[in-house]
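Subject: Structure for you to look through

Dear colleague,

I am handing over the structure below, and after it you will find what turned up. Please read the notes with the structure open beside you.

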Amino acid sequence: MTSSDEMDEAIASLEQMQTDVRYRQAQATLDQLLDRLDLSPEESADLQADIDHLRQMQQRLEQGVIQLAVFGLVGRGKSSLLNALLGQPAFTTGPLHGVTQEIDRADWLPGMVLPEGGVQRLALNGLSESRVELIDTPGLDEISGEARAVLAEQVAQQVD
């Protein structure tokens with residue numbers, strides 16, 4: 001190994017350590033924020049949805065989960081796109097509009113096939129045991145589908 005290769009490797013290692021530290025700092029900051037909330041019952045009630053969202057974010061950080069959701073107009077291929085990413089038919093599709101009626105989830109471990117036939121799995125910076133969760137949502141403009149559209153919009157606001 002040349003000294004240039006060793007230097008590149010050392011820089012990459014240092015960058016990874018910095019990323020890990022920033023990730024742990026983000027977790028600690030969120031933990032402190034949630035632990036130190038001092039709200040009146042009225043304030044707590046007004047902010048409950050936001051507090052719940054922060055707690056969900058905290059859990060995802062601790063578990064190393066990144067959530068990706070697709071949302072958009074009905075019949076545009078949201079489920080098909082997710083199936084293509086997964087490489088298998090995990091999400092229901094069909095010729096009629098509005099096949100997806102509820103929120104559906106699947107873990108996605110994108111891999112890169114190595115020349116020796118092995119697969120290198122995704123590792124997110126700062127997370128050695130990370131995973132990506134793909135989320136399918138109903139279409140936004142489905143006839144008589146207002147409740148499903150609201151559900152899809154809520155999911156879109158909560159995911160990463």
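Gln27 counts as buried, with 18% relative accessibility, where buried means under 20% relative accessible area, exposed over 50% and partly exposed in between, for a 1.4 Å probe and protein chains only. Gln27 belongs to helix H1 (residues 3-35), and, apart from neighbours within four places in sequence, Gln27 is in contact with Leu61 and Glu62, contact being heavy atoms within 4.5 Å.

Please keep in mind that this is a predicted model, in which local features need pLDDT of at least 70 and side-chain atom pairs count only at pLDDT 80 or more, while totals for chains, interfaces and linings use all residues. Residues are numbered from 1 along each chain as its sequence is written, and side-chain values use heavy atoms, with hydrogens and water left out.

The structure holds one salt bridge, a term that stands for a side-chain nitrogen of Lys or Arg within 4 Å of a carboxyl oxygen of Asp or Glu. The partners are Glu133 and Arg105, whose closest N and O atoms are 3.2 Å apart. Because Glu133 lies in strand E5 (residues 131-136) and Arg105 in strand E2 (residues 104-108), the pair ties together parts that are 28 residues apart in sequence; helices (H or I, at least four residues) and strands (E, at least two) are DSSP runs, numbered from the N terminus. Glu133 is buried, at a relative accessible area of 11%, whereas Arg105 is partly exposed, at 45% relative accessibility.

With kind regards
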